[in-house]
Amino acid sequence: MPSKFFKPSILSYLCLLGAAFPASAQNTQPGIFDENGFLDAPQPDIVMQIRYGAQVQSPYFGSDDLEVGPDIGFRFDYVRFPGGFEYGSGQSVGFRRGWGLRGSIRYIGERSSEDYSELTGLDTIDRTFEFGLGIGYEQETYRAFADVRYGFFGHESFVAELGADLITTPAKDWTLTFGPRILVGSDKYMDTYFGITPDEAAASNYSEYDAGAGLAEVGLELTARYQLDELWGFEAIVAWSKFVGDAADSPIVYGGSDENLKIEIGVTRRIGIDF
């Protein structure tokens with residue numbers, strides 16, 4: 001249940017969107033995204049899916065508002081390492097079979113009282129980039145996974161995410177996945193986003209609060225994908241979660257909302273790179 005994807009500037013978003021479409025027919029060489037171009041190698045060593053579109057989401061944990069903005073997301077489907085070891089699948093949808101390692105990334109935006117007056121007196125939390133690994137088991141109609149990530153720049157701590165999905169193909173070129181998500185936070189993670197220090201309590205309308213490690217969120221995620229062809233498609237994601245445990249008891253959540261919502265929709269493009 002990733003809470004936020006990277007939010008680029010409008011200029012960079014438009015540049016990326018423009019670069020994704022095929023080059024002019026006047027060019028004699030394939031464009032960077034054209035068939036057999038640099039990012040569409042016939043025998044790639046790396047295959048990934050890039051999504052660009054729009055998103056609606058809660059701006060910070062505990063907020064009762066929603067914000068609309070641009071969205072960029074990606075996932076790795078396949079990597080071929082030196083020596084012949086392979087991870088994932090090079091097919092357009094990219095589902096694996098059996099046990100396998102997973103990469104896991106999440107972005108959490110900055111939280112600042114300059115942007116949200118209700119947070120006046122609380123310290124600013126820098127944006128966080130979480131990177132980690134996990135293990136998963138997948139078959140044609142279901143999958144389950146467990147990921148561990150570490151956050152850089154913001155909370156600088158560990159989180160773990162558990163999930164499972166039912167996988168179905170209700171019609172040609174359509175894939176739907178649906179299943180539960182559980183997020184567990186370390187003591188520092190919980191205290192960063194849900195705790196209130198004595199100094200913050202003195203400067204704000206919130207009471208002092210110490211949030212301990214444990215279960216932070218439980219929720220559901222629904223994903224719908226439609227493949228136009230082997231390269232292009234559409235993807236929509238709806239992720240809902242509810243704060244539990246010490247997160248739910250936080251004054252920030254108690255004074256706002258104990259639910260977190262994220263809706264993303266965009267165009268997807270398969271990228272294959274041959275090194």
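This tour moves through a predicted model, from a nonpolar surface patch to aromatic pairs and then to salt bridges.

**The nonpolar patch**

Begin by selecting Phe-74, Phe-76, Ile-105, Phe-131, Phe-152 and Phe-153, which make a nonpolar surface patch of about 600 Å². Within this selection, Phe-76 belongs to strand E2, residues 67-80. Its relative accessible area is 39%, so Phe-76 is partly exposed. Phe-153, another member of the patch, is exposed, at 57% relative accessible area.

**Phe-153 and its ring partner**

The model contains 14 aromatic pairs. In the pair of Phe-129 and Phe-153, the ring centres lie 6.2 Å apart and the planes stand at 90°, so the arrangement is edge-to-face. This pair links distant parts of the chain: Phe-129 is in strand E5 (residues 128-138), while Phe-153 is in the loop between E6 and strand E7 (158-168), 24 residues apart. Phe-129 has a relative accessible area of 26% and is partly exposed.

**Arg-149 in strand E6**

Next, select Arg-149, which is placed in strand E6, residues 142-152. Is Arg-149 buried or exposed? With a relative accessibility of 2%, Arg-149 is buried, because the cut-off for that class is under 20%. Display the side chain of Glu-130 as well: the side chains of Arg-149 and Glu-130 make a polar contact at 2.8 Å. Beyond neighbours within four places in sequence, the residues in contact with Arg-149 include Ile-105 and Phe-131, both of which are also members of the nonpolar patch. Others in contact with Arg-149, among them, are Ser-157, Phe-158, Val-159 and Leu-183.

Move to Phe-61, Tyr-189, Tyr-193, Phe-194 and Phe-243, which form one aromatic cluster. Centre the view on Phe-194, in helix H2 (residues 187-194). Phe-194 has a relative accessible area of 0% and is buried. Which residues does Phe-194 touch, not counting residues up to four places away in sequence? They are Phe-61, Tyr-189, Tyr-209, Ala-211, Phe-243, Ala-247, Ser-250, Pro-251 and Val-253. To place Phe-194 against another part of the chain, select Ala-248: the two C-alpha atoms are separated by 8.6 Å, although the residues are 54 apart along the chain.

**Salt bridges**

Now turn to the charged side chains. Side chains of opposite charge can pair when their charged atoms come close. The whole structure holds 15 salt bridges.

Select Arg-181 and Asp-165 next, whose side chains form a salt bridge of 2.9 Å, N to O. Arg-181 is in strand E8 (residues 174-185) and Asp-165 is in strand E7, so this pair ties together parts 16 residues apart in sequence. Arg-181 is buried at 6% relative accessibility, and Asp-165 is buried at 3%.

A further bridge joins Glu-138 and Arg-143, with the closest N and O atoms 4.0 Å apart. Here Glu-138 is buried at 5%, and Arg-143 is buried at 15%.

As the last stop, select Arg-51, Asp-71, Arg-225, Glu-235, Lys-262 and Glu-264, which are linked in a network of salt bridges.

Key: Residues numbered from 1 in each chain as written. Predicted model: local features only at pLDDT ≥ 70, side-chain atom pairs only at ≥ 80, totals over all residues. Heavy atoms only, no water. Patch = residues over 30% accessible without salt bridge, like charges linked within 9 Å, V, L, I, M, F, W, Y side chains within 5 Å. Areas by Shrake-Rupley, 256 points an atom, 1.4 Å probe, with all protein chains shown as cover. Helix = DSSP H or I, 4+ residues; strand = E, 2+ residues; numbered from the N terminus. Buried < 20%, exposed > 50% of the residue type's maximum accessible area, 1.4 Å probe, protein only. Polar contact = N/O pair within 3.5 Å; in protein donor to acceptor, adjacent residues only side chain to side chain. Contact = heavy atoms within 4.5 Å. Phe/Tyr/Trp six-rings, centres within 6.5 Å; stacked < 30°, edge-to-face > 60°.
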